[in-house]
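The stops below are meant to be selected one after another.

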Amino acid sequence: MTDLDVVARVVLPLDGDLDVLPLYVDGRHVQEPPVDENQPVLSLPSDQHPDQVLGRRSYRLGEGVGASFATWLNAFPASYWRRWTTATEVVLRVRTTGEGVLMVYRSSARGASARVTSRSLDGSADHEVRLPLDTFADGGWYWFDLVAGAGGLVLNEADWSVPVGDAPAPTPGGTTVGITTFDRPGYCAALLAQLGSASELDDVLDAVVVVDQGSRRVEEDPGFPEAERLLGDRLRVIRQANLGGSGGFSRAMLETLDAGRSEHVLLLDDDVVCEPEGIARAVAFARHCRRPTVVGGHMFSMYERSVLHAVAEVVRPWQFRWAPSGPSEHDHDLARRTLRATPWLHRRLPADYTGWWMCLVPTAVLRDVGLSLPFFIKWDDAEFGLRAGAAGHPTVSLPGAAVWHVPWTDKDDSTDWQAYFHARNRIVAALLHSRYDRGGRLVRESLLISVKHVLAMQYGAAALRTRALRDVLRGPDVLHAELGSALGEVRALRARHPDAHVRPDAEDFARVTPRRRRKRDPDPTRPTGRVATLAAGAAGLLHQVLPVPPGAHDAPEVEVAAADAGWWSLARLDSALVATADGGGLAWLRRSRGDAGRALAEAVDVHRELLARWPELSSRYRGALPELTGEYAWRRTLGLDAS
């Protein structure tokens, strides 16, 4: 008899949260008209309640009630297993009590679904359905539905398994979780407790390494003793200076390599809520992959918990910037538009990299391509994925593996101190990996970003970008040398400018005082099309040369919501109180002809030099890459024995 390896258990949330329940089970009754002629879609749930969840793996259905497990966290991503692993079939095992019907479905890459088989359910019984993986070359899922008969039906448990008897044996080995934390002790302690209490991880986790780089220690949090009790001797907390995400995660990588116990290191942000079953699935998937493969999890929004913020990400080569993969979209709400009703979710989506909010990296990949670049934050995960891919190690963003995290759209990280790292690290990554002469469109696009900051009176952000490019021009040798000091210098530079001074309340500033009658207020609507964008830019540049009206620096003339604070609207103002993206405060932006002129001249000058020196810089950075990412350099930077 062929042995089966359980690679995904059907699970349910235990906190009674109806916001996340649609990610696990879709309670249904009758069919409604299809979205299109090839796509039958069941009606929206009318009586799905948390008390139907009987346990982590058990769900109750009343008489005549149906439930679909065509959900992001419980359907089986057949096309991903077909493409990247040695598996040739999957086995669905379902245990039920009561009367009803089990129906198994499959979908195509177009999102069209078809019933594969159905079985009558009566009493207490185990059901096994063997399903081939030979027709999922470019997309498609398997899932099952249940409909209760007289007296109701209980799903006791279900799982998806792959046979291992006739296939090459999966790679052995467990996983070390590496968490980098900085002054988030409460979040980190809660995450550790979640990992320690998850029974599905008992045979997966070898160790949990927390690299604490903050002043508020995770060990001092009231929740830490319970997390320590749950994880026992698997938990290790390491303290080191703040070297950013790349420094913390590289330390976790090194600790995993030195211990020589785990086949994988799983990188996790400290402020996520994870689905532990997703970790087990990522490890199972990696173990069955044909070659060492980086496996990533998706990001759900911490605030709107059914919203799938990011599915799969690529780096667009001509612009060298992040973008959603293929037809995928950011911020897709699975409570409103389910897996079954969203055709593009059935495509197998390629990925160039996966975010280090959740990323499983085989130690074999680390030994082959090295550790992270010393980037502090931003672009370290994308560059690593590109580097691994170039060495033959693909990245897979695996459905069913996910964390909840604050989405980056709720942060001001392109205008605060992080603007420096966005700019510098993007250019360095392009110097290393761009296939185009002088980076394609990148340098031009980078200059336009700096110009937009100037038009928006964000002189601090513009100064940080200029400093970032000047540091790129200095060459690769400073990356390790200044990893621990760059943040302080960047913060000091930004603090010289008004856009850095955020206060919590509008009453902390002078009272808003309009100073002149306008024919019309600046339009907050983003210009669409090339002509409209050029016209908005030209009008904004013209406004910069006009004299600043008297009183503009005495009080703000208008208060602007974060959603309306585009460069195209701020470029026509002289003084504005602007809210931050996270709603935590406001900054008073004031136009200065002198600051604007200097910032524009410096931006043009540094971009001109970057463009002229691109071939030479690319050669230098590519030549230095093995040393920059090597264990010796990182041990020296981390203050470890580098012998």
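A salt bridge here is a side-chain nitrogen of Lys or Arg within 4 Å of a carboxyl oxygen of Asp or Glu. With that criterion in mind, select R57, R93, R95, D126, E157 and D159: salt bridges link these residues in a network. The structure holds 39 salt bridges.

Two notes on the source apply throughout. The model is predicted, so that local features need pLDDT of at least 70 and side-chain atom pairs count only at pLDDT 80 or more, while totals for chains, interfaces and linings use all residues. Residues are numbered from 1 along each chain as its sequence is written, and side-chain values use heavy atoms, with hydrogens and water left out.

**Individual salt bridges**

Select R261 and D206 next. They form a salt bridge whose closest N and O atoms are 3.9 Å apart. This pair links distant parts of the chain, 55 residues apart: R261 is in the loop between α4 (244-259) and β14 (264-269), and D206 is in strand β12 (residues 205-212). Helices (H or I, at least four residues) and strands (E, at least two) are DSSP runs, numbered from the N terminus. For accessibility, buried means under 20% relative accessible area, exposed over 50%, and partly exposed in between (1.4 Å probe, protein chains only).

Move to E445 and R441, another salt bridge, with the closest N and O atoms 3.9 Å apart. E445 has a relative accessible area of 12% and is therefore buried; R441, at 30%, is partly exposed.

Then select D595 and R598, where the closest N and O atoms of the salt bridge are 2.6 Å apart. Both residues lie in helix α15 (residues 593-628), three residues apart, which is about one turn of the helix. D595 is partly exposed at 27% relative accessible area, and R598 also counts as partly exposed, at 49%.

**Aromatic rings**

A pair of aromatic rings is described by the distance of the centres and the angle of the planes. Rings of Phe, Tyr and Trp (its six-membered ring) pair if their centres lie within 6.5 Å; planes under 30 degrees apart count as stacked, over 60 as edge-to-face and the rest as tilted. The structure holds 19 aromatic pairs. For one of them, select W318 and Y436: the ring centres are 5.0 Å apart and the planes are at 85 degrees, so the pair is edge-to-face. It links distant parts of the chain, 118 residues apart, with W318 in the loop between β18 (313-316) and β19 (321-324) and Y436 in the loop between α8 (418-433) and α9 (442-455). W318 is partly exposed at 43% relative accessible area, as is Y436 at 29%.

Now select Y59, F69, F76, W81, F144, W160 and F285, which ring pairs link into a cluster.

A charge sits over a ring if NZ of Lys or CZ of Arg is within 6 Å of the ring centre and within 35 degrees of the ring normal. Select R106 with F136: the charged end of R106 sits over the ring of F136, 4.3 Å from its centre. Select R503 with F509 as well; R503 lies over the face of F509, at 5.2 Å from the ring centre.

How many of the five residues of strand β21 (residues 358-362) are buried? The strand is mostly covered, with five of its five residues buried. M358, L360 and P362 point one way, and C359 and V361 point the other way.

Two strands pair if DSSP finds at least two bridges between them. β14 and β21 pair in the antiparallel sense over five bridges, and L266 has L360 of β21 as its bridge partner. Strand β16 (residues 294-301) is antiparallel to β21 and joined to it by two bridges; here V295 has L360 as its bridge partner.

**An open sheet**

Finally, display the open sheet of four strands in the order β23-β26-β25-β24, with mixed pairing. The edge strands, each pairing on one side only, are β23 (502-503) and β24 (559-560). β24 runs parallel to strand β25 (residues 575-579), joined by two bridges, and V560 stands opposite V578 in β25.
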